[in-house]
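Hi everyone, thanks for coming. I'd like to walk you through one structure today, so please have the viewer open and follow along.

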Amino acid sequence: MSPVPPSPPTQPPRSDSAWAPLAARLFRALWIAQLVSNIGSWMQMIGAQWLLIGHDAALVTLVQTASSLPVVLLALPSGVVADRYERRGVLLAAQFAMLAVSGTLTVLAFADALTPTPLLLLTFLLGCGTALMGPAWQAIQPELVERHQLGQAAALGGVNMNLARALGPALGGVVVAAAGAGWVFAFNTASYLGIAAVLLLWRRPKTVAPATGGEKLLTALDAGRRYVWYAPGIRRVLLRVVLFVPGGAALWALLPLVASRSLHLGSGGYGLLLGAVGVGAVAGAFALPHTNRVLGANGTLGGGALVFAGVLVVLVAVRDTWLVAVALLFAGVAWIGVLSTLNAAMQTRLPGWVSARGLAVYLLVFQGGQGLAAPLWGALAARLGLAVPLLAGSGLLLVSALSLRRWPLYGAEGVDPSPSAHWPVPPLVFEPGPTTGPVLVTVSYRVAPGDVTAFSDRMEHVARSRRRTGALTWGLYQDGQDPGHFIENYLVASWAEHLAQHSDRLTLTDRRHEERARRLLVPGTRPEVTHAFDASSGPVVPGEGVTPYPGLRGTVEGHHQQATNQLEKGDDAR
């Protein structure tokens, strides 16, 4: 569903502070509950791996696979679910499902009946719950904090994850050693209650079902794909993820081997190194607002990639544990800076109707990049030693930094994903069904002779707007007998898809592109719009059982005037 614009706190203290989002009570409560839940998840992982020690070594590694594989498999369908249904309800369903699965793990563990097969299966089901929750959790962030605080909110999310990564395994190891694996499963089960309680107390504003609320899964997936493909700013963010994550994954994949082989540390020493990354991430969250002000988004991305590349070189060259730990502090700063910048760039560019699907694509690219790169780095390390993959990862990060000159993030200054339902109801003489289609929309323009080139250029932005909101095809044609006469046409799959364009898919950014093109029309003229339907299955014959369309509003000329008047009112008209 498309969320009603959020009601964030009216007077946030020091909006440039790294911790400013925590001033919002709901964000703060969810952040604390999420920290407890993330710690529980890491404790659960330690308990699962402990129970598999003594079996085949491959089974131990499958715990991580069972946890992360569902995110890759289910990210896109989970995004559809979060866009089609009320997101608070989706999050609650995920929490209670994971509570039930974790409770089953707890009972089986205390009954000493948890063999490898049910353990891995239940761990996979917990991963499915995490996958279902991910896009919806990301998509509600603009409802919790001010839009300009999304970068700090993303950084605090990274801090949350890194704190849990540092604390969870240590606590899990202590609890397993002292009381057994059943108790870490019990803690994880109880940890889901915190998020569920906060969500139950959240009085989320009512949402309006989208016009395409009944669309099929594949249709909804294709709508999300189409939006991402025809949104250059979104594509550029995903490109930056692809260019950064594989090189960065070398650290996470190889740090255990660095700890054991290069530094000759045990599990405690490895925990120290992970803790250093976590402390660096916290420091990075403090520094991020200042860094973004001084360097900008692209400077933060480039600097973060260079710092991370340098840390990988340090892991090759240095054999002193404390010096490596200091270097990893900088790795935590760089990691949180880059990922928070990219995450915020996604959230500030996505409109509500497709935000969960867009963020699901982001999660898929991120997790897929890590998941594919990590075993490749491991295979290189097994064959060629640690130095080769670490230096190769450093080289990829150097390429990532240098490529910013060619492919920087686009500025977000002119991007406003707020909804703008400025198209009036189409004035038809009959009522099509939701699945009636395809629908051919034709718009005729009169352009002054001196403005035809500028008009054609500006319509390229309109073309992307049409395609990302539902158009399957798009074309702009110039009359051979009258060069000032332009005809735009685009095909939409169904009437429900086109109504969605009218009701909830257009944004203020789309509106501005239309306005810029229409400023070049001949004074006193306005676009003429027609809607045509496929007649191959039989045309509609006037007077033969035609039901007047209840949305009819006066004459076609009145419809065009209404559309023009609304566009001329400017950005304040909603």
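Predicted model: local features only at pLDDT ≥ 70, side-chain atom pairs only at ≥ 80, totals over all residues.

I'll go through some backbone details, then a surface patch, and then a pair of helices.

Let's start with the backbone. Where does Pro 438 sit? You'll find Pro 438 in the loop between helix H13, residues 387-402, and strand E1, residues 439-446.

Next, some phi values. Asp 112 has a phi near 55°, which is positive, and this residue is not a glycine. Look for Asp 112 in the loop that runs between helix H3 (87-110) and helix H4 (116-139). Is Asp 112 buried or exposed? Its relative accessible area is 73%, and the cut-off for exposed is over 50%, so Asp 112 counts as exposed.

Now move along to His 264. Here, too, we have a residue other than glycine with a positive phi, near 55°. His 264 belongs to the loop between helix H9 (232-262) and helix H10 (267-317). With a relative accessibility of 66%, His 264 is classed as exposed.

On to the surface. Which residues form the nonpolar patch? They are Val 279, Val 307, Val 326, Leu 329 and Phe 330, and together they have about 410 Å² of accessible area. If you colour by helix, you'll see that H10 and helix H11, residues 321-349, each contribute at least two residues to the patch. Which helix gives the largest share? That is H11, with 3 residues.

Let's zoom in on one member of the patch. Phe 330 is located in helix H11. The relative accessible area of Phe 330 is 51%. Since exposed means over 50%, Phe 330 is on the exposed side of that cut-off.

While we're on H11, let's turn to its packing with helix H12, which covers residues 355-384. The axes of H11 and H12 are 9 Å apart, and the two helices pack at an angle of about 150°.

Conventions:
Residues numbered from 1 in each chain as written. Heavy atoms only, no water. Helix = DSSP H or I, 4+ residues; strand = E, 2+ residues; numbered from the N terminus. Buried < 20%, exposed > 50% of the residue type's maximum accessible area, 1.4 Å probe, protein only. Patch = residues over 30% accessible without salt bridge, like charges linked within 9 Å, V, L, I, M, F, W, Y side chains within 5 Å. Areas by Shrake-Rupley, 256 points an atom, 1.4 Å probe, with all protein chains shown as cover. Salt bridge = Lys/Arg side-chain N within 4 Å of Asp/Glu carboxyl O. Axes fitted to C-alpha atoms, helices over the stretch in contact; angles between N-to-C directions.
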